[in-house]
Amino acid sequence: MNTLAPIVADTLLPDTGEPGFGVYVHWPFCAAKCPYCDFNSHVRHQPVDQERFTAAFLKEMETMRRMSGPKTVTSVFLGGGTPSLMDPATVEAILNGISRHWHMPDGIEITMEANPSSVEATRFRGYRAAGVNRVSLGVQALNDADLKFLGRLHDVADALKAIKLARDIFPRMSFDLIYARPRQTVEEWEAELAQAISYAVDHLSLYQLTIEEGTPFYGLHKAGKLIVPDGDQSAALYEATQEITARHGMPAYEVSNHAQPGAESRHNLTYWRYGDYAGIGPGAHGRLSRGSQKIATATERRPETWLEQVEAQGHGMVDQELLGYDEQADELLLMGLRLREGVDLARWQQLSGRDPNPDREQTLLEHGFIERIGNSRLRCTPKGMLILDAVVADLAF
């Protein structure tokens with residue numbers, strides 16, 4: 001499958017602050033389905049035909065390239081599902097395909113999600129040789145009881161092994177933790193978070209446990225068999241998260257993401273800065289601009305149905321929506337206010353054709369929920385982040 005030299009740069013290109021253009025590739029398969037997860041992930045008890053899926057990824061890329069036109073890729077993200085179930089040769093073929101269809105400079109961020117239970121040193125080295133230079137580990141908890149509760153297949157020993165391997169092999173590494181778990185105290189979370197930071201990661205994604213409809217946890221919660229922290233306790237856990245990460249030099253640059261300066265996820269910044277991205281694979285979403293138009297794309301979620309559609313028609317898209325200026329402005333505001341750097345007001349005004357409602361903005365300013373950064377940017381304060389959805393709704397209308 002190797003047709004081009006792999007991209008193995010250790011040093012990333014600098015973040016220009018521009019939205020950029022990302023490529024997201026969705027590998028939809030997992031070894032097991034976690035009870036809290038509502039992502040598009042599927043368990044298959046027979047081996048997945050990786051060559052056939054690889055060919056389909058490459059075929060759908062051709063369609064996305066025709067839609068996007070020529071672009072310079074600023075980041076690639078291999079998400080899922082569990083992409084670390086892919087063979088290194090599959091990853092290499094996908095990255096080579098991206099570099100054939102778009103300009104892909106040396107030194108861009110190429111991230112792969114991995115679960116500690118599927119980690120092997122030889123596979124990690126294979127991914128690195130293929131071009132992956134950042135890994136994001138789904139650790140989720142640092143005690144075995146909660147890992148079992150969350151339905152994870154790894155234990156703490158597996159997680160620590162994976163963290164060490166990732167730190168040794170990849171230039172950049174992040175891992176996820178879920179907090180606001182049942183009966184979790186602020187003191188317990190503070191100790192767990194300090195432990196996580198001690199493992200010399202440069203990036204952490206820290207998510208509050210949410211109960212999503214359609215998941216096993218939803219049924220348990222509805223039946224009163226799963227009790228999560230109430231609003232006050234969740235707020236206390238969130239505030240402890242902000243304080244500890246900031247104290248250790250990893251402040252929040254987005255609602256749930258923390259990094260040392262310069263280690264922010266370039267790919268996720270593309271989403272939050274409302275850049276373009278091609279979404280490839282089952283259940284992938286994208287945003288592609290041609291001139292002043294922006295198209296929202298979505299592909300078929302069921303892997304085998306997606307595969308058959310791509311083989312028959314060159315893509316698995318089930319939705320292509322042309323977004324109007326108002327819709328683009330709303331999305332820009334929704335995404336940009338998640339960021340500590342805030343939203344570019346001039347860009348929002350250009351799309352929406354108006355200024356923010358001065359009365360509503362003044363009310364939010366007086367309550368300390370938002371703040372201006374000079375004349376050009378608007379952002380949520382830490383207090384405002386706690387009620388982000390309400391702030392966005394107030395400003396958007």
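The backbone nitrogen of Ser256 lies 2.8 Å from a polar atom of the Glu254 side chain.

Before going on, the conventions. This is a predicted model, in which local features need pLDDT of at least 70 and side-chain atom pairs count only at pLDDT 80 or more, while totals for chains, interfaces and linings use all residues. Residues are numbered from 1 along each chain as its sequence is written, and side-chain values use heavy atoms, with hydrogens and water left out.

Back to Glu254. It is found in strand E9, residues 252-254; strands are DSSP runs of E with at least two residues, helices are runs of H or I with at least four, and both are numbered from the N terminus. Is Glu254 buried or exposed? Glu254 is buried, with a relative accessible area of 2%. Buried means under 20% relative accessible area, exposed over 50%, and partly exposed in between, using a 1.4 Å probe and protein chains only. Leaving out residues up to four places away in sequence, Glu254 touches Trp272, Arg338, Leu339 and Arg340, where contact means heavy atoms within 4.5 Å.

Next, the annotated region. UniProt, in an unreviewed entry, places the feature "domain: Radical SAM core" at residues 15-251. Positions are in the numbering used here, feature names are shortened, and annotations may be inferred rather than shown by experiment. Over residues 15-251 the chain is 42% helix and 19% strand, and the end C-alpha atoms are 17 Å apart.

Ten of the 14 residues of H2 are buried, so the helix is largely enclosed by the rest of the structure. Among the buried ones are Val91, Ile94, Leu95, Ile98 and His101. What covers them? The cover of the buried H2 residues includes strand E1 (21-27), helix H1 (50-68), strand E4 (75-80), strand E5 (109-114) and helix H3 (121-130).

Phe175 sits in strand E7, residues 172-179, and is buried at 0% relative accessible area. Not counting residues up to four places away in sequence, its contacts include Leu137, Ile163, Tyr199 and His203. Thr63 is 112 residues from Phe175 in sequence and 33 Å away in space, C-alpha to C-alpha.

Now the backbone. The peptide bond from Gly80 to Gly81 is cis, with omega near 20°; Gly81 is in the loop between E4 and H2. Two residues other than glycine have positive phi: Arg183, near 70°, and Tyr274, near 60°. Arg183 is in the loop between E7 and helix H6 (186-197) and is exposed, at 75% relative accessible area. Tyr274, in the loop between helix H9 (266-272) and strand E11 (276-280), is buried at 4%.

Conventions
A polar contact is a pair of N or O atoms within 3.5 Å; within protein, one must be able to donate a hydrogen and the other to accept it, and residues adjacent in sequence count only if both atoms are side-chain atoms.
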